[in-house]
Amino acid sequence: MMNNIEITKNTYCVGKIDDTKVPFHRLILEKGTTYNSYLLNTEKPTLIDTVDISYGMEFVKHLQEIMDLEKLQYVVINHVEPDHAGALGALMNKAKNATIVTTELGKKFLIGMFKLQNRNFHVIKDGETLDIGGKTLQFFETPFLHTEETMVTYSVEDKILFPCDIFSTHIANYELFNDLAKEDITEDFKVYYKLIMHPHRPYVRDMINKIRNLDINIICPSHGYVLRENAKKYIDIYDEMSKVELSTDKKALVLFSSMTGNTSKIAQGLKEGLVEMGIETNVVNIKNADLNSILEMAKEASAIMIGSSTKYGDMIGSIEDVVKEIVKLDLSGKFGAAFGSYGWSGEAVEIINDYLKNSSLTLLDTSYMIKATGDDHIKLPLRVNFTPEEQTKEICIETGIAIGEILIKN
Ligand code: FEO
């Protein structure tokens, strides 16, 4: 069933209610879900997000019944996953004059997904406003909540936040507003947070800081209930839960051998990300440690990352001796990854990777990370050409965060 429910003057929910058991990120949503899209019927009519790709034609037909799609001026895409942007291809065939409003990365993905290279895009800047004729929208980038390109949209005069996946709940419902829900939704709201958002906890903190000063009366997420009663309570739940590290007894060990200090910087970046995720992390320069204590730490660790600079096509120092001893241990149930800085071809990183691949641990490589995180920006083994500059330092931290996510989930 398609919705057409007024939220506030000239703002409507026009999404899809899916009360089947929905497959989603290798889970089954037992209570179904909704794909909420929002129509702001102003002088420059604007749609915020669409619905799941499987309901694209139904969605467009429904919109045609309530408006002339050639008058649609803007389509805001907060997040490109197909349960929100999925109807965009079908929609843009009819909305011939619409401009797509999204992030830089969102534009890249949407062009790739729907061949929209000849359509107008408006790429937002963080905090930028857009006059849509009677209402003002403001956009905030919220990367990694839960994919890299995500943003949220705030309707300034109406004090409504449109956060897409954030603040959602997977419950198919026909009443839409939380104050009309037949049961308390708090537990479902928290379960959604834990599954989808908490693995990205540091980014939740960034998002909370961005929206903290907005005056928000209503939250219109893309799944489940519109939170018009006590919206602050739901922001506070994210605020509180994202402050708390999940209780984990998992430990990580980051071992390295560094020629000029660059591989050491990668190790520190990995540690920074892991610690952000609440993982106790030992960073050990093998030059300063004895083999027995390294092996004891390896036995206790849930993840072992080993790095070396490359000199003359090989590892440096005595790290190969250490690696050979580590891979003799029973490493089943543990994760491992290789890293290192290099100048030309970086053979040391690949040799360490081979050792780990042939051991009893689970190797974290790019393929594993794509499947585990639903994202492809983490590349493993982690190879850094020469010195980790600001951008690559950030990648090292993000890699640590992503490995931390895997430890929390497993
Ligand atoms: Fe609701 Fe990220 O999809």
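This is a predicted model: local features need pLDDT of at least 70, side-chain atom pairs count only at pLDDT 80 or more; totals for chains, interfaces and linings use all residues.

**Note on side-chain packing and domain arrangement**

1. The charged end of Arg-228 is placed over the ring of Phe-177, 3.7 Å from its centre. Arg-383 likewise lies over the face of Tyr-342, at 4.4 Å from the ring centre. A charge is taken to sit over a ring if NZ of Lys or CZ of Arg is within 6 Å of the ring centre and within 35 degrees of the ring normal.

2. Residues are numbered from 1 along each chain as its sequence is written, and side-chain values use heavy atoms, with hydrogens and water left out.

3. The domain assignment divides the protein chain into domain 1 (5-241) and domain 2 (251-409); such bounds come from an automatic or database domain assignment. The C-alpha centres of domain 1 and domain 2 are 37 Å apart. Nine residues of domain 1 are in contact with 10 residues of domain 2, contact meaning heavy atoms within 4.5 Å. Between them the two domains bury about 830 Å², 56% of it on carbon and sulfur atoms. Buried area here is the accessible area (1.4 Å probe) that two parts lose on being put together, summed over both.

4. Which residues have the most contacts inside the largest nonpolar core? They are Leu-88, Leu-91, Phe-167, Tyr-238 and Met-305, in a core of 91 residues. A nonpolar core is a set of buried Ala, Val, Leu, Ile, Met, Phe, Trp, Tyr and Cys residues joined through side-chain atoms within 4.5 Å. Helix α13 supplies the largest share of this core, seven residues. Domain 1 and domain 2 both give residues to the core, so it lies between them. A second, separate core has 24 residues, among them Val-284, Ile-319, Val-323 and Leu-356.

5. Not counting residues up to four places away in sequence, Phe-167 touches residues including Leu-161, Met-207, Ile-211, Pro-221 and Leu-227. Phe-167 also belongs to one aromatic cluster with Phe-189, Tyr-193, Tyr-234 and Tyr-238.

6. The structure holds nine aromatic pairs. Rings of Phe, Tyr and Trp (its six-membered ring) pair if their centres lie within 6.5 Å; planes under 30 degrees apart count as stacked, over 60 as edge-to-face and the rest as tilted. Trp-344 and Phe-386 form an edge-to-face pair, 5.9 Å centre to centre with 75° between the planes. Trp-344 lies in the loop between β20 (335-342) and α11 (347-357), and Phe-386 in the loop between β22 (382-385) and α13 (390-409), so the pair ties together parts that are 42 residues apart in sequence. Helices (H or I, at least four residues) and strands (E, at least two) are DSSP runs, numbered from the N terminus.

7. Buried means under 20% relative accessible area, exposed over 50%, and partly exposed in between (1.4 Å probe, protein chains only).

8. Thr-169 is located in the loop between β15 (160-164) and α5 (186-197), and Thr-169 is buried at 0% relative accessibility. Leaving aside neighbours within four places in sequence, its contacts include Thr-33, Asp-188, Phe-189, Tyr-192 and His-223.

9. Two cis peptide bonds may be inspected. One joins Leu-145 and His-146, with omega about 0°; His-146 is in the loop between β13 (136-141) and β14 (151-155). Another joins Leu-380 and Pro-381, again with omega about 0°, and Pro-381 lies in the loop between α12 (366-373) and β22.

10. Phi of Lys-115 is near 55°; Lys-115 is in the loop between α4 (104-114) and β11 (121-123) and is exposed, at 61% relative accessible area. Phi of Asn-230 is near 60°; Asn-230 is in the loop between β16 (218-221) and α7 (231-243) and is partly exposed, at 48%.
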